Amino acid sequence: MNKLISFGKSIPDYFIMILLLISFAAVLCSLFKHKKTNLTIGIVSLIFYVGIVLVKNDQHYLSLILSLMGIFLIFLEFFVPGFQVFGITGLAFLTIGLYGTVNSIAYVLFTVLCLIIISFIIIYYFTKAGYKVGGLEKFVLFEKHTTKKGYVATDSPDLVGKTGVTVTPLRPTGYGIIEDKKYDIYSEDAYIPKDVEFVVTRVKSMKIFVRRK
């Protein structure tokens, strides 16, 4: 056990940051594409991250809590409509927590920057492929899709090139108005706020893809 603890203490800080990034990326992928492998990798990496941090210094529990709260708030941003309050607060908590853990502003800034870049890459890739965050409708879209309420399901390519305005944030899915009709749409620009103009880029398998105008 002493050898294991000594080994844990000798692990460099950059390796801890890599574990955190792997965990974040894997869990984020699992939100879009529900594979147990992604979620398992994310959870296992996070457990190792927590374990190594505590082994290196058991006084880091407060910083560890702040880091985990930050990650939770960042993921919560995908489900709760608003003006990135949860995302910004999460990044702040994560930054403070990481600094308290590794005590290196360079490592912290590099990790947070990598986290943001990884988020954009994963969101862009899965959105481009037609995926959306599983269960998002339960948090963002509170109305049922009915024609009485103005929702339209279509596979018509006639919408391509037409413009509209978002009536909910697109994260990456939401609702928009096109020619006075309400459609379920998918953003190819990842997040698009409410009341922003967009243009329809393609229609595939009854999914309407749009890009910020």
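**Exercise 1. Work out why strand E3 counts as largely enclosed.**

Buried stands for under 20% relative accessible area, exposed for over 50%, and partly exposed for what lies in between, with a 1.4 Å probe and protein chains only. Strands (E, at least two residues) and helices (H or I, at least four) are DSSP runs, numbered from the N terminus.

The model is predicted: local features need pLDDT of at least 70, side-chain atom pairs count only at pLDDT 80 or more, and totals for chains, interfaces and linings use all residues. Residues are numbered from 1 along each chain as its sequence is written, and side-chain values use heavy atoms, leaving out hydrogens and water.

**Exercise 2. Find the strands that pair with E3.**

Step 1. Take the pairing rule: DSSP must find at least two bridges between two strands.

Step 2. Strand E2 (residues 163-166) runs antiparallel to E3, joined by 2 bridges. Thr166 has Gly176 of E3 as its bridge partner. A hairpin of 6 residues connects E2 to E3.

Step 3. Strand E4 (residues 181-187) is also antiparallel to E3, over 6 bridges. Here Ile177 faces Lys182 of E4. The E3-E4 hairpin has 2 residues between the strands, and Glu179 in the turn has a positive phi of about 55°.

**Exercise 3. Describe the surroundings of Gly176.**

Step 1. Gly176 belongs to strand E3. Its relative accessible area is 0%, so Gly176 is buried.

Step 2. List its contacts (heavy atoms within 4.5 Å). Leaving aside residues up to four places away in sequence, Gly176 touches Val165, Thr166, Val167, Lys181, Lys182, Tyr183, Ile185 and Phe198.

Step 3. Check one C-alpha distance. Gly176 and Val196 are 20 residues apart along the chain, with 9.3 Å between their C-alpha atoms.

**Exercise 4. Characterise the packing of helices H2 and H3.**

Step 1. Two packed helices are described by the angle and the distance between their axes. Axes are lines fitted to C-alpha atoms, for helices over the stretch in contact; angles run from 0 to 180 degrees between N-to-C directions.

Step 2. H2 (residues 13-32) and H3 (residues 36-56) pack at about 155°, with axes 7 Å apart. The two are therefore roughly antiparallel. That label needs over 145 degrees; under 35 is roughly parallel, 65 to 115 roughly perpendicular, and the rest oblique.

Step 3. Contact residues include Phe15, Ile16 and Leu19 of H2, and Leu39, Ile41 and Gly42 of H3.
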